Amino acid sequence: MKRRGFLAAAGAAFVAGCNKVAESDAGARLLSAAEKWHMGAHRLLTNREALAPEYPRNAVSPFFRGNGSVDPQNGDYPRHVEEGFANWQLTVGGLVRNPLALTLDNIRRLPQRSQVTRHDCVEGWSAIGEWTGPQLSLLLDEAQLRPEAQFIVFRCADNLNGQDYYESVDLIDAYHPQTIVAHSLNGEPLPVRNGAPLRMRIERQLGYKHAKYLTGIEAVASLDDIAGGQGGYWEDRAGYQWYAGI
Amino acid sequence: MKRHVVSTRIWHWLNLLCVVVLFMSGLTISNAHRLLYWGDWGFDRSQAWLEVPRFPDWMTIPGYYSLAVARDWHILMAWPFALGLLFMWIAMPLNRHFKRDLTTTRKEWHPKAIWRDIVEHAKLNFDHGEGKYNFLQKLAYGLVLGVFLPMMVFTGTAISPGMEPTFGWLVDLLGGRQSARSLHFIFAFAILGFFIVHVALVLLSGPIGQMRAMITGGSTHEA
């Protein structure tokens, strides 16, 4: 018991030291710089078009777990569920020359990409599913990005703990061939727990980047003035890394 | 007895700091999802081969549950850890540390010789045999430097979704992402096991001399 007490005290002292470092300006800068070093290394080692692994159709998990919002009750969402999403609209706007407003039908009639990929949650679990939808690059090309656009922001219908969910990626991930606006999982319309009727797939990053209940796609020059300024719901709320390829 | 060269000593203490921070922040990351799986995927108990306990706050960084802060520490310390290990891998053959001190001989692998070594250790006689280290010590240090520590880098790289498009072969080699995650956990605890034995033996074999050897390099004419 005494030894355990000593260990606990030593552990606590070490942790207190770490927290002091993390709370100092230099420490905080160092910790956020490490995220950028990883992103730089990934971008250096990995071709911008390189694909996340795709699996055969029979590799899909028997059930696809939902996380975060799994049944939003805020705003018009419950009404959209009742209507079978017949009046759902996806807007593409911000720094574009040709803003779009698309129905689910419009989206299903575009050229489609199907991909069986693995979804990795930041918590550690993984599930495999087949996702279908148009590439985001198609929508962005149609909307014609202005040269000032640096990031693509995804607006969502779900409100979690009082804040609207949103996410963002840079143009490299936005134009990646596997970045699709998915309307189907395993050949069926998306279930509510997985983001019905539309969700993003950002296959080279962790699950929290794959925004669900998608209502808007917005091209911006900077993320600073959007919500908490960190580029996403979990980034603002809990300090998660904006680059979630780590 | 040859002294520890300065690069070995600096690496030893830097690596200790890295491993401690990585391990303690890793425990927080483990608390985020306490199930381990084999293969590519897994998300609930029915697929898990192990449910690990929840690690109490006093042994985790940051000392309370924050997956985001734990990941900050983990991805920061991964850099000096991996680059330091790479440096040692380059330095050890060059400064002959590996050949001189850590390479085992065929004679030492003889079961009788191994048994004798175990008996001597049990009698707390650590300074037997010819070189700087005897067989079991060479084996332990060789395993840690050659397998345990590098496997942490390889399995850690394999879990990173941004690395997978380029290092997919590594993920396949390790048996899929969830297998790589399980191995990351297993090797982390193998390193903890080494750490406990290592500290215990240092304490039993004259901690002052041993600490001096790893800080200043130690005396050249040791008995």
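Student: What order do the four strands of the open sheet in chain A come in?
Tutor: This is a predicted model. In chain A the order is β3-β4-β8-β9, and the strands pair antiparallel.

Student: Which strands stand at the edges?
Tutor: β3 (113-120) and β9 (188-189) of chain A do. Each has a single partner strand, so one side of each has no neighbour in the sheet.

Student: How many bridges are there between β8 and β9(A)?
Tutor: Two, in the antiparallel sense; β8 of chain A covers residues 184-185. A:L185 in that strand stands opposite A:E188 of β9(A).

Student: What holds strands of a sheet together, in general?
Tutor: Strands pair through backbone hydrogen bonds, either parallel or antiparallel.

Student: Changing topic. How is chain A divided?
Tutor: Into domain 1 (1-45) and domain 2 (53-238). Taken over C-alpha atoms, the centres of these two domains of chain A are 33 Å apart.

Student: And the largest nonpolar core, which residues have the most contacts inside it?
Tutor: A:V181 and A:L214, in a core of 76 residues. Helix α2 (residues 67-94) of chain B gives the most to this core, nine residues. Domain 1 (1-45) and domain 2 (53-238) of chain A each supply at least three residues to this core.

Student: What does A:L214 touch?
Tutor: Leaving out residues up to four places away in sequence, its contacts include A:L90, A:F154, A:C156 and A:V181. A:L198, A:R199 and A:M200 are also among them.

Student: What is in the second core?
Tutor: That separate core has six residues, including A:W125, A:A127, A:I128 and B:F43.

Student: How many residues of chain B are in contact with chain A?
Tutor: 32 residues of chain B, against 40 of chain A. On the chain B side, α1 (6-32), α2, α6 and α7 give two or more residues each. α2(B) gives the most, with nine. By class, that side of chain B has 18 nonpolar, eight polar and six charged residues.

Student: Back to α6(B). Which of its residues are buried?
Tutor: In α6 (residues 164-173) of chain B, B:E164, B:P165 and B:V171 are buried. They are on the same side of α6(B), because they cover an arc of only 40° around the axis.

Student: What do they pack against?
Tutor: The buried residues of α6(B) pack against α5 (135-159) and α7 (177-204) of chain B.

Student: What follows the helix α6(B)?
Tutor: B:G175, with a positive phi near 95°.

Definitions and conventions: Residues are numbered from 1 along each chain as its sequence is written. Chains are lettered from A and ligands numbered from 1 in the order in which they are written. This is a predicted model: local features need pLDDT of at least 70, side-chain atom pairs count only at pLDDT 80 or more; totals for chains, interfaces and linings use all residues. Domain bounds come from an automatic or database domain assignment. A nonpolar core is a set of buried Ala, Val, Leu, Ile, Met, Phe, Trp, Tyr and Cys residues joined through C-beta atoms within 7 Å. A residue is buried if 20 or more other C-beta atoms lie within 10 Å of its own, exposed if 12 or fewer, and partly exposed in between; C-beta atoms are placed from the backbone. Two residues are in contact if their C-beta atoms, placed from the backbone, lie within 7 Å. Two strands pair if DSSP finds at least two bridges between them. The arc is that of the directions from the helix axis to the C-beta atoms. Ala, Val, Leu, Ile, Met, Phe, Trp, Tyr, Cys and Pro count as nonpolar, Asp, Glu, Lys and Arg as charged, and the others, Gly among them, as polar.
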